[in-house]
Amino acid sequence: MTDYAALFTSAQEMDEVSRRSFLKLLGASMALAGVDGCTRMPAEKILQYVEQPPEVTPGVASHYATAFSMDGYATGLVVDSHEGRPTKIEGNPLHPASLGASTAQQQASLLQLYDPDRGRRIVQDGRASSWDAWAAEWTPSVARSRVGSRGEGLHLLLEPTSSPTVASLLDKLRGMYPGMGVYFYSPAGPATMPGGASLAQYDLSAADVIVCFDADPLATGPMSLAYARQFADGRRHPATRMNRLYVAEPAYTCTGMAADDRLRCRPAVVQGLLERVYASVSHGGASGAGAVSSGFGDGADAWLTNVLADIESHRGRVVVIAGDRLGPQGQALAAAINGAIGATGSLVWTTPSPLLGAGDAGSNLAKLKEALDANAVSSLVCIGGNAVYRSPGSLRLGDGIRRVAHSTYVGLHADETSQASHWYVPLAHYLESWGDARAYDGTLSVVQPLVQPLFGARQEVEVLSALAGEAAADPFTVVRSNWQSAGHAASDDAWSEVLRKGVLEGSAYPRGASGRSDSVASAVGRTGGPGLRPVEDHPDGIDVIFAADARVHDGRFSNTAWLQELPDPITKLTWGNAGLLSPATARRLGVATGDVVAIERAGGSMRIPVIVSPGHADNVLALSFGYGRAGAESVARGIGANAYEIWPAVGTFVATDATVRSAGAHRQLAITQSHWSMDARDPAQSLSLAEYQRKTPAPARKRQLSLYQPDAPNGVAAQQWAMTIDLGNCIGCSACVVACQAENNIPVVGPDDVRKSREMHWLRIDRYLDGAENDPAVSLQPMLCQQCEKAPCEYVCPVGAATHSADGLNEMVYNRCVGTRFCSNNCPYKVRRFNWFDYNAELAETERMAKNPDVTVRERGVMEKCTFCVQRIREAEISSQVDGRALRGSEVVTACAQACPTRAIVFGSLTDPGSEVVTSRADARAYQVLEELGTEPRVQYLARIRNARAAEEQA
Amino acid sequence: MRDRDWPAGSFAAEFADANALVAAVRSLRARGYSGIETYSPMPLPELDATLRFRKSRLPALVFVGGVAGGAISYFIQWYADVYAYPLNLGGRPVNAVTAFIIPTFEGTILGAALVAFFGLWFVLRLPTYWHSVFDLPGFERATVDRYWVAVSGEDARAGAEVTPNELRALGALRVVVLDGAEDAGAAGGVGLEGAR
Amino acid sequence: MNDRVLLHGNAGDAALTDSLLAPLWRTPSLWWMLFVVSCAGTVLFVFSIYWTIAKGIGTWGNNIPVAWAFAITDFVWWIGIGHAGTFISAFLLLLNQKWRGSVNRVAEAMTIFALVNAAMFPLLHLGRPWFFYWLAPYPATMGVWPNFKSSLPWDVAAVTTYFTVSLLFWYMGLVPDLASARDRAVSRARKLAYGIFALGWRGSGYQWQRYRIAYVLLAALATPLVISVHSVVSLDFAIAQLPGWHSTIFPPYFVVGAIYSGLAMVLMLLIPLRRAFHFEDVITEAHLDRIAKLMLAMGLMLAYSYAMETFMAWYSGDHFERYTYLFSRPFGPYAVLYWIMTALNVLTPNIFWSRRLRRSTPALFIASFGILIGMWLERFAIIVTSLNRDFLPSSWHFYAPSWVDFGLLAGSIGLFGMLFLLFIRYVPTVALSEVKRLRLELANEAAGEVAGA
């Protein structure tokens, strides 16, 4: 309990918090009582999201469209708001980068809004100051005196942005300070790589074969939600159509786990294989017949042979994707291959990058570093991004910034960068800000706030306006007028339309042909991409590879407890990061999971516990960014290790010059799944396409749906709720887990209790590894309450707190539960969760505001578990009664199903013939986990199909 | 016979050991005495036949108690889970006889045991903290190592001359007059001792 | 013949009574030492309970999947110990075993105190202990009732019944001895106290005769309880479908184990007791010998149960069963405890094939100690090693107890000790009337033999 307190309360702020939040809560409650004007609705007129596609569950909450930006690319969201409190985030079905789905980070950004550790006051050199004082120091009339006549002393460091409004404000500033330096920086993504001015896009739904070279299109990057959906559509009905996914990568990614044929190999080998493919396709057609020798070993040969054969046999329906780690050359090669195999145009095209300064090397962080070293910076303004922490340790950016006479950091938290700056100004959360942003494909959205800044924070637009001398500028007016002057949605009606839909229709960029062939020449023939050395040079040397963390990304979410406690999709690790090693390499280094290794590079050194990961490439150590924080954030502080310390350079994600050795220490990692083999129990089934076709059409199920005749004391309702989960389309992204946590007020327990296996997630994603340790078969299985019709948990409850409803729900009556925990013991799926402590007692008042008012907050000592989002079911029932119509099963969508990017989760009523949940059960892939126990689960799974070419040939 | 507060003219005799008492009681019975009662630190089943106790109703009461206990506990379960608060629990039958058997069994035993326990004290009229025999000098050893027999004054053969002599002849250490009256017992006792 | 003597010496009834009542009047310093220790244990118990209720079950080591662990192990262990009392007094009474008289009082007291402990653990174990009464069928304003399909209300019924009947049986047996104590007590206060509880018993023939009827009736009622209680406790596990719990062998298997551990505890109490208060004349080697023989029999039956459940797991061909019994227990994370358990429970009693060891108090004491540990470990193995690896490997997780778990176990032992010490200090520890009766009968037997010779 105490550790939990430490997690969530920052003592020095408590009085402040309670006072503010008391007023806020008072406001909220009075609003409930019907008194207007006390909520925190923004003063401006924001418009409700009325065009509700069927996917969106209607309810009492109002829904507002806005946009979430990460690394500069926007994803459209729809946010539920209760009495002016944002309580749940969903994807915007109309937005090309969301299609109604959302990522774990987008879900969790809600909790970030309410983070009590967010900056609360403007600070100058450690003393509380005021907006006016700050503006007075930075207003042009004052600033000019120190930044030189052309303003060459003034430098701005922003996160990558695609906001037209920011662009226009920057132009305005350039008008005042022609010599001003503007830089855009975020560690992840190719934002400012040379050649980044145009971006490749894919249509994976039309592709029969997808070949990924160290790329993770399904779960990382600005288009992951769209790509995941497209990928899933290509295999949703395997009887009719089934695509094939090839992946060559050093460390597992979600895409790698979904692959039909995956090759584990070092980055240099990935590069080499890419070149082999290019070489073979560029010489008029791959040598589809016969085995190919790659020179990288048998596994690589077999993989390459299959890839080339499939490219040959599926010309025009193959997409090749190269990951960021391969650098521009890799991108160029992939583009060239796609051109050569006829994918370009139909499956692959390019659009200009929506990012400001894309492709302009002059806006790189390196340039700012040069200016700092030259002491050419007299005034520096950093807006967001926490560059001091997120930049390579060898850059010593903090020292540079400390030397600047006048520096300001504007950020969500008082973090490492604010520590290096004179001024700190709290930055408003995107749910508190007016703004705009473009999606990856250029689609333009308005960012509209749902609440006024909780902690009196300042919006990006405000800050930039203030730098231009307009400290009092109203962000809404700035954005709106900018749109008008730009000719977007000039009329009020058009504007309202954009606010309603969340997108400006037709604003996507026109598609261009693949524009990389120019650079192919330079790419081909060079062995090794940036920082890659041919393997043969150092067979035993260890490549250290870097990537943004799957949970806290580059560290921007490291103070968000939902993401800290979210199990990593690959390792199931919570509350920290670890270095991933292959079993063989771990043996060579003499370390096991939990043992700490010391990594040394010329640039720096770090210590981090390792996790031995089967299927990981030998001699590769995989690190993730975002941990080892030293800022003022109480959740993040002291969690994990900081990989930026040894990060060689921006844009380079491989370090080949590191030495790794055991440090002799051991840490008990907070991993939620300790046993990774299915142990011949086969809960997560899979089969080859051929086997599946043999089983199709499925034999009629023996048992009919039981409606509890004759003994149904609570009657039988018109709806019989059920769920189907397609394991073939689960990529493990874990959006459902956080969505469930947000929807159902699931508490965070903290690292100590996770180590004790007390995490509270109602929905977990089991991840099994079976077979050879070097090439295991990965099985992913979202596991939640199976809502058994003959539930073992129910009859053992002495007080009847676990009962069965007339519409087939396995109900948990919190108020009646005395906490014998017999139900959990008798649950074969172990999906029940127990409140070992009062996990909600320590929440800051702001965090309480994030709770969903439709869901009970459970007290200490009671059981809880997945309810099939019963609150959404009842809400739909009520609204259908209000409308005086029958409820359609498809009207209800659970939080997990709504968030799922691949639509692997289908929910509905078994009494709704033709609905997807009913038809899916007729599929030959449909099965019940532990069916032999006779629990008759209402959740059924569709077995995953492993569509490897090898299996096909055997068949 | 059931020992009660003894009428005037009753006698009590103290014996040194159990065998002597048993022999004495048997011979008294043989001489036609009927109002006899013994006091001993241990049970003397040998005398059950001689003292002619009425058949005990306790076993019958206990049986009834058991049946009642069982019936009540099954009824509670039926009322709770079938009549008042029926629930669909794991699709199990609402009137789960097999499950209800166990508490029913326990209720049966409990009912019977309670009747046996309190029934005993009821038939023995205990607790009764005063009884005339407690006034007999030296009677406190009746729970330790001495064995007493009492003969009712209402007994046909009981006589102030005959009985004490007979008792002495049977080996009584001493014979005292046993009288319901507070003082008489002690006084009488002294008198007799003196006469000896 | 001599080695079967149940009563040494030929002191008169008075001397016998006084020697057996001696603990009531004088207190050896050993008693005070033990009392202080056990009080310290009780304090630890109370503090652990406070900590649990104040902070939550999270202060224990329990988790998901191991939602039951130490507390339930302690519960089953104590209940098991509580079996020997009624077994010895009721069972042996019906079987007309004369030797029971010298030891039944101690055994019954042990039963009651063990039950007091046992009953506490399920309550503490609740997530919301303050709602324990929701398991009882009472007309609640909420209109809700317990679910009698669950084995937990069965458990409540069984344990409360067993406790009540054991208490009545114990007290009924005490009444004549309380009368003796009343008549032997010197201080007025003691006279008064014993007098009140003796209910005015005067040992009339009528009282004795009715008393014998009632006592035998109670014994006859308590005997099936001995069988039923642990059978019902075993159903707490057997009605679940968890591999390692879901087994029809459980009821007899649990009862045997219960009596086994109970007898061990009886020995651990008798041996110091007869030594400290010189009861060797009344509690003779013959008694220890008989108890040891019973333990040997129970131990062999338990060994058979172990073999059978393992065989059935293999014979069933069920993957989950086989994993639990053939891998998880013998080779899993708790394998060490499993093998210690097997060694202590299966091997130890075999020393009692030797008549010499059956009569050597050190051997008996150490063996009993080992068996008590072994039986605790058995319950731990059944509960924890079944739960920590059940159906889905994804949810498997190790369980490690916290200091509170240990505090509750040690503390409950302290409380048990304290109650028992108070018992021997204030209550006749040997059934006087029965011993005297036994003495009379032995004497008459002897006389008869003499006469016959």
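## Buried side of helix 12, chain C

In this predicted model, helix 12 of chain C buries C:A335, C:Y338, C:M341, C:T342 and C:N345. Buried means under 20% relative accessible area, exposed over 50%, and partly exposed in between (1.4 Å probe, protein chains only).

The face turned away from the buried side carries the exposed residues C:V336 and C:L347.

## Length of helix 12

Helix 12 of chain C has 13 residues (335–347) and, at 1.5 Å a residue, should span 18 Å; its end C-alpha atoms are 17 Å apart, which agrees. The expected span is 1.5 Å times one less than the number of residues. Helices (H or I, at least four residues) and strands (E, at least two) are DSSP runs, numbered from the N terminus.

## Sheet in chain A

Four strands of chain A form an open sheet, in the order 11-10-9-12, with parallel pairing. Strand 11 (261–264) and strand 12 (318–322) are its edges, each pairing on one side only. Pairing requires at least two DSSP bridges between two strands.

Strands 9 (209–213) and 10 (244–249) of chain A share five bridges in the parallel sense. A:V211 has A:Y246 of strand 10 as its bridge partner.

## Basis

Residues are numbered from 1 along each chain as its sequence is written, and chains are lettered from A in the order in which they are written. Local features need pLDDT of at least 70 and side-chain atom pairs pLDDT 80 or more, while totals for chains, interfaces and linings use all residues; side-chain values use heavy atoms, without hydrogens and water.
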